[in-house]
Amino acid sequence: MKLARRVDQLEMSPTIAVAQEAARLRAEGRQVIDFGTGEPDFDTPLAAQEAAHQAIHDNLSHYTSAHGLAPLREALADRYRRHYGAQATPADIFVSAGGKMVLYSLMQTLVEPGDKVLLASPYWVSFPEQVRLAGGEAVYVPTREEDDFLPRAAEFERRLDQRARLLILNSPGNPTGSVIPREELERFVELCRARDLTLVFDECYEEFVYSPRRHETPARLRDRLGDRLVIVGSCSKTFAMTGWRVGYALAAPPLVQALSKLQSHTITHASNVAQAAAVAALGTEEESVPAMLREYEKRRALMLDGLRRLPGVTCREPHGAFYVFPNVRGLYRRLGVEDSVGVARRFLERVQVATVPGEAFGAPGYLRFSYALAEEEMVQGLERLHQLLA
Ligand code: PLP
């Protein structure tokens, strides 16, 4: 069958591909430990589940606004004001089916064919594909392991030219867990202001930053960038609601309207039931999020300790999200492989431990381990790796 080139050239999301391979092995009866998937193992808050039942009972079953449900947009604007002191009204909020769909819609709305979009590498897998789908060109700005994989405004500036239109930043970052500090964020904001660039800031992991670091967001600097700033957030990680598909953006009202216009011809709107659940989830934030954060903090320590004890593996401390990104080059000879895809393959074949190779994120030499899985499984997975490498 002849497919359109834009899709034919796409790769299946490598993180989803790992999950599928792990599922296939499980179906064969093998007991796989899956460090590959980036999704919380916690339950969606009970209040959100109940609100969804109530929404169904109340027959919230018909088409609603393409922008998102009014109570959700109000709750989100309120949250931006309370958490970050940001200027935000419901007219600044756009809701879609997950952060991924928000980002896809943004690329379709802001990128013209031939435009350059700068992003830090290692990058989240969907950024470059979404840029390409919009006809843009992704420009990778390398970060350094010794610098905690931090995106640096000066490095971005060196790669700017006439075609540069947009910067994508992601903090806390997937796959590295890097957290952009306030001074660097200020430099990025200044760069975008001075060079008339739009800043898309993906903070889908905003709640998962480990003490003493703090999440810094340009949301509080909206007055400096005006309509050149878009913040992207999601209920997926914050409330363990990945499957519900609720994400959102804080943006200038004309952009919110443009996004809604596009959405009216694509998914129409995010599911009403899921949006009603998201309103309730936001109401639980004070209890549900700290409980998850404490758990992730414990798991992060366990994970770091376990990985650092593996011969041939080095691992920097990530400050946010729920991933560690160890350097595994020291394992190539020991495992008889040439790259980190080979290491990931050996781990899966020999001890049924699933990880995502750095190649998926433009960073060969590393593996991404998610620690959003139950502690017993994590311990067992680390133990299997110890035995394999001993
Ligand atoms: N942004 C980043 C950096 C992510 O890692 C993800 C999901 O893994 C998303 C956005 C999108 O998440 P969702 O579409 O579930 O909101």
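**Helix α15 and the overall fold**

Q: How many residues does helix α15 have, and how far does it reach?
A: Helix α15 (residues 340-351) has 12 residues and reaches 16 Å from its first C-alpha to its last. That is close to the 16 Å expected at 1.5 Å a residue, where the expected span is 1.5 Å times one less than the number of residues. Helices here are DSSP runs of H or I with at least four residues, and strands are E runs of at least two, numbered from the N terminus.

Q: Which residues of α15 are buried?
A: Ser340, Gly342, Val343, Ala344, Phe347, Leu348 and Val351. Buried means under 20% relative accessible area, with a 1.4 Å probe and protein chains only.

Q: And what comes just after α15?
A: Gln352, with a positive phi of about 55°.

Q: What kind of model is this?
A: A predicted one, in which local features need pLDDT of at least 70, side-chain atom pairs count only at pLDDT 80 or more, and totals for chains, interfaces and linings use all residues. Residues are numbered from 1 along each chain as its sequence is written, and side-chain values use heavy atoms, leaving out hydrogens and water.

Q: Zooming out, how many helices and strands?
A: The protein has 16 helices and 12 strands. Its radius of gyration is 21 Å, close to the 21 Å that the globule rule gives for 390 residues, so the protein is as compact as a globular protein of that length. The radius is taken over C-alpha atoms, and the rule is 2.2 Å times the number of residues to the power 0.38.

Q: How much of the protein is buried?
A: 57% of the 390 residues.

Q: What box do the C-alpha atoms fill?
A: Roughly 60 × 55 × 55 Å, along the principal axes.

Technical notes:
Buried means under 20% relative accessible area, exposed over 50%, partly exposed in between (1.4 Å probe, protein chains only).
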